[in-house]
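Hello,

Here is the structure I promised to pass on to you. Have a look at it first, and then read my notes below.

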Amino acid sequence: MIRGWTVHGDGRAPAPGEVVKPDERLSWGRTVGLGAQHVLAMFGATFVFPVLMGLDPNLAILLSGLATILFLLMTRGRVPSYLGTSASFVGVVAAVRADGGTSAEVTGAIAVCGVVVALVGLAVHLGGSRIVSAILPPAVTGAVVLLIGFNLAPVVAGTYWPQDELVALITMLVVMVTAVAGRGMLSRLGVLVGLVVGFALSLLLDATLGPITGPDPSGVVSTHPRVDLSGVGDAPWIGLPLGTPELPGLHLPAFSASAILLIVPVAIALIAENTGHVKGVASMTREDLDPYLGRALAADGIATAVAGGVGGSPTTTYAENIGVMAATRVYSTAAYWVAAGVAILIGFCPKFGAVVAATPGGVLGGITVVLYGMIGLLGARIWVENKVDFSRPEVLVPLAAGIVIGIGDVALTLGGGSLSGIALGSIVVIVGYHALRRLAPTHTPDQRDDEEVG
């Protein structure tokens, strides 16, 4: 169980060299302020990614709050973390929809993926964290995360960017400058700032230049306004997150073998993210959190399974919020309870969801060109941080093959079924890596890339 929080020091700020630990808090006024910072940090990505997956952002915000509460309860308040919408699913969801998959089939596959992560969490809890590093060493997890991110490049080039190239370019530049030149909290809000600036610019261009002639999200060229706010007026201020026909909210899942095959490999990315975040928080709080890794994985898996079961977006621990903790040196889980409560309240405001749903395609193009690349490069960062040795052919060869298959969306048809892109690339990376290591004449059981992720 989670015990009450003790007040750290005078309740104002941690002294130099000290941190506010998860079971401590500052004054409630400051804790509420920190909770608001966590809401801002997670906000941009948590509602942009559902839109990119064709799901309701309101429901995603609501479920992120509930998922965070579940996570805090299951980890007994020892691992401060916010669970927002996972970016790792965007590419595979796009692939499912490109094959004719419905929103119900997407969320059904998301639910199955969540069950897989929860089972891995149970295994880690019972058998120890070495299980993760044995099956998914940094060489493998880095490759899978990289191919998931870069597989999204055609979505940017073919769907979002062409809708309004000028707005996309300006939005991209705003995101980049804010992230690099921004100070303090502002630097962590690049996506949100880019969204607001791009949205305002689109409204200004509609007012001054009139409608734009270009492709819509389906690729059909027409003359239309950049921003369509027709659905905002009809949306209620308070209500269930039912979504719209374009971005469905609460609904029951359906289960398709082809969708499940495409989406389940993303479990590897969730496991890598959670493991890295738990270890990152452990190093900053100076506590041993390895005993809670299994609980963290199981919590995220259950949250993702529940989200998929009601038609929502998958969740994962958020680096944005870990960045807020690193900047403030406050790791109190009390602030996350505040953030979760605020997110739940926002989730019950359909009018907010209608505004988000009206985000112009050009704005999404500018945001996604940065975000998708960052997802892919997270895989490369895993390699760098764990000093993966690419001079060894048993590492280089299977990773090279799997990455090209994933990014190029290469397909393999066997009988009446087919594997392609992310699913096939992930299989080649995992199976090829472990098989070729056993064949390598220089193989030893304690090589560097067997160490834990993160």
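What follows is a short tour of some helices and single residues in it.

Please keep in mind that this is a predicted model.

Let me start with helix H2, which covers residues 57–74. With 18 residues at 1.5 Å each, H2 should span 26 Å, and its end C-alpha atoms are 25 Å apart, so the two values agree. Is H2 enclosed by the rest of the structure, or open to the outside? Buried here means under 20% relative accessible area. By that cut-off 14 of the 18 residues of H2 are buried, so the helix is largely enclosed by the rest of the structure.

Both ends of H2 deserve a look. Just after H2 comes Arg-76, with a positive phi of about 55 degrees, although Arg-76 is not a glycine. Arg-76 sits in the loop between H2 and strand E3 (83–85). Its relative accessibility is 42%, so Arg-76 counts as partly exposed.

Another residue with a positive phi is Lys-387: the angle is about 50 degrees, and this residue is not a glycine either. You will find Lys-387 in the loop between helix H17 (361–385) and helix H18 (393–408). Lys-387 has a relative accessibility of 61%, and because exposed means over 50%, it counts as exposed.

Next, a pair of helices. How do H6 and H19 run relative to each other? The axes of helix H6 (residues 138–150) and helix H19 (residues 421–439) come within 10 Å and cross at roughly 165 degrees. Angles over 145 degrees count as roughly antiparallel, and H6 and H19 are therefore roughly antiparallel to each other. The contact is made on the H6 side by Ala-139, Val-140, Ala-143, Val-144, Leu-147 and Ile-148. On the H19 side, Ile-422, Gly-425, Ser-426, Val-429, Ile-430 and Tyr-433 take part. The crossing of H6 past H19 is right-handed.

Thr-171 belongs to helix H8 (residues 165–181). Its relative accessibility is 1%, so Thr-171 counts as buried. Leaving aside residues up to four places away in sequence, Thr-171 touches Gly-194, Gly-198, Val-363, Gly-366 and Ile-367.

Ser-103 is part of helix H4 (residues 103–127). At 15% relative accessibility, Ser-103 is also classed as buried. Which residues does Ser-103 touch, not counting those up to four places away in sequence? They are Gly-54, Leu-55, Arg-97, Pro-248 and His-251.

Phe-255, finally, lies in the loop between helix H10 (230–234) and helix H11 (257–263). With a relative accessible area of 55%, Phe-255 is exposed. Even so, Phe-255 touches Gly-108, Val-112 and Ile-260, again not counting residues up to four places away in sequence. Phe-255 and Thr-107 are 148 residues apart in sequence, while their C-alpha atoms are 8.4 Å apart in space.

Enjoy exploring it, and write back with any questions.

Best wishes

Key. Residues are numbered from 1 along each chain as its sequence is written. This is a predicted model: local features need pLDDT of at least 70, side-chain atom pairs count only at pLDDT 80 or more; totals for chains, interfaces and linings use all residues. Side-chain values use heavy atoms; hydrogens and water are left out. Helices (H or I, at least four residues) and strands (E, at least two) are DSSP runs, numbered from the N terminus. The expected span of a helix is 1.5 Å times one less than its number of residues. Buried means under 20% relative accessible area, exposed over 50%, partly exposed in between (1.4 Å probe, protein chains only). Contact means heavy atoms within 4.5 Å. Axes are lines fitted to C-alpha atoms, for helices over the stretch in contact, and angles run from 0 to 180 degrees between N-to-C directions. Angles under 35 degrees count as roughly parallel, over 145 as roughly antiparallel, 65 to 115 as roughly perpendicular and the rest as oblique. A crossing is left-handed if the near helix is turned anticlockwise from the far one by less than a right angle, and right-handed if clockwise.
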